[in-house]
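Here's my note for you to read alongside the model. Keep the structure open and find each piece as we go.

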Amino acid sequence: ETMKILVATEKPFAKKAVDGIRKIVEDAGYELALLEKYTDKGQLLEAVADVDALIVRSDKVTAEVIAAAKNLKIVVRAGAGYDNVDLAAASARGIVVMNTPGQNSNAVAELALAMMIFMSRNRFTPGTGTELQGKTLGIHAYGNVGRLVGRKGKALGMNVVAYDPFIADGAVFEADGVKKVASVEELYRVSDFLSLHIPATAQTKGSIGYDLMMSMPKGATLVNTARKEVIDEEGVARAMTEREDLKYITDIAAGNQAELDEKFGKRVFATAKKMGAETAEANVNAGLAAANQIVDFLKNGNTRFQVNK
Ligand code: NAD
C-alpha cells in the first residue's frame with residue numbers, strides 16, 4: 001500500500017513550495033494529500049485519519065490530532081520552533097517529530113540587520129542618525145541565525161563579538177572573523193548592538209533584563225528576533241526608564257508592549273506580527289526540507305533532525 005503524506009497548512013505554502021513538495025513525494029513513490037486554509041480542527045482530524053506522515057507550519061498538532069492519526073509515523077514542522085506539536089503525545093505513540101533547522105535562518109538574520117539600521121536611523125523619521133560601520137555588534141548565541149548575523153555584520157564593517165557557551169570550538173568563531181567573549185556580562189558590556197539568538201529554555205527564560213541592559217554602552221540597542229520569553233520585560237522597562245539612551249526592537253511583541261510604546265516612543269519598536277521567517281525563500285526552503293526529511297526517514301530511517309529523541 002502506498003504511503004500517504006499530508007501537508008496541513010492553515011496558512012498555505014507558496015505554490016512553488018507545494019509543487020516542489022509534490023515532486024519530492026511522488027518521485028519517492030508516495031501519495032501527496034493537501035489540506036489548506038482549513039477553518040476548524042474537525043477538517044484536520046478527518047484529513048489525518050489515514051496518513052503516514054504529516055507536514056505542518058504553525059498548525060497545532062495536539063494530542064487529539066495525534067490520536068486521530070492511526071497510521072502516523074512522522075510529523076515535520078516546516079520551520080525552527082516546534083512548540084506547536086505535542087511532543088509527549090507523539091513520543092507516547094513512537095511518532096518521530098522533526099523541525100527543519102537552518103532553513104529560515106537567513107530570513108531572520110536579514111531582519112535582525114534591518115532592525116539595527118531602522119533603529120539607528122530614528123525609525124526612518126527625520127533627524128540625525130548613526131551608522132553601523134565601526135560599531136560593536138554582540139551576538140548572543142552563535143547558532144544558525146547568530147552566525148549569519150555575524151557574517152553580515154562583518155560585511156557592514158562592524159566589529160563582531162559573540163557568546164555561546166555550548167560551542168567549545170573556537171575555530172567556529174575565528175572562521176567568521178568573530179571574537180569569542182568569555183561571559184554574557186562581557187558581551188553586553190561591549191555591544192553597541194546586541195542581537196539575541198538564544199532559544200527559550202528553562203535556563204534562558206527571563207534572563208535578559210535590567211542588569212545586562214544597564215551594562216551596555218551609551219546609545220546601545222537590544223535587538224530581539226529570538227523569543228519574547230527570554231526577556232525580563234519589567235527589567236528592560238526599568239533600564240530604559242533610567243537610561244534614556246537605550247533602545248529595544250523586537251520581532252515578538254512584549255506582554256507590556258503598549259506600555260513600552262507609550263513610555264519610550266521612538267526608542268522602542270515591535271513588528272505587528274512575528275515576521276522573521278516570513279520570506280518566500282524561507283517558506284520554500286522549509287517546505288522542501290520537510291518533504292526530503294520525510295522521504296529519507298521512511299526509506300532510510302534517517303532521524304537526524306528528530307526533536308523528540
Ligand atoms: P540554533 O539552534 O541553530 O542556535 C541556537 C544556539 O543557542 C546554539 O548555538 C546553542 O548553543 C545556543 N544556546 C543555547 N542555550 C544557550 C544559552 N543559555 N546561552 C547562550 N547560548 C545558548 O537556533 P537558530 O536557528 O539560530 O534560532 C535561534 C532562535 O531564534 C530559535 O530558538 C527561535 O526561538 C528563534 N527564531 C525566531 C524566528 C522568528 O521568526 N523571529 C525564526 C526562527 C528562529
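1. Let's begin with helix 6, which lies across strand 6 (136-140), strand 7 (159-163) and strand 9, and runs at about 170° to strand 6. Helices here are DSSP runs of H or I with at least four residues, strands are runs of E with at least two, and both are numbered from the N terminus. Angles run from 0 to 180 degrees between N-to-C directions, with axes fitted to C-alpha atoms, for helices over the stretch in contact.

2. A word on where this comes from: it's a predicted model, where local features need pLDDT of at least 70 and side-chain atom pairs count only at pLDDT 80 or more, while totals for chains, interfaces and linings use all residues. Residues are numbered from 1 along each chain as its sequence is written, and side-chain values use heavy atoms, leaving out hydrogens and water.

3. Seven strands make an open, parallel sheet in the order 8-7-6-9-10-11-12. Strand 8 (179-180) and strand 12 (268-270) are at the edges with a single partner strand each, so one side of each has no neighbour in the sheet. Two strands pair if DSSP finds at least two bridges between them; strand 9 (residues 193-196) and strand 10 (residues 221-224) have four, in the parallel sense. Look for L194, which stands opposite L222 in strand 10.

4. Back to helix 6 (residues 144-155): helix 5 (residues 105-120) packs against it at about 50°, with the axes 8 Å apart. The two are therefore oblique to each other (under 35 degrees is roughly parallel, over 145 roughly antiparallel, 65 to 115 roughly perpendicular, and the rest oblique). On the helix 5 side, the residues in the contact include V108, L113 and M116, and on the helix 6 side they include V145 and L148. Contact means heavy atoms within 4.5 Å.

5. How do helix 1 and helix 12 lie relative to each other? Helix 1 (residues 15-27) and helix 12 (residues 280-300) pack at about 15°, their axes 9 Å apart, and are therefore roughly parallel. Among the residues that meet are I21 and I24 from helix 1, and L288 and V295 from helix 12.

6. Is T100 buried or exposed? T100 is buried, at 1% relative accessible area (buried is under 20%, exposed over 50%, partly exposed in between, with a 1.4 Å probe and protein chains only). Beyond its neighbours within four places in sequence, T100 touches several residues, including V76, R77, A286 and Q293.
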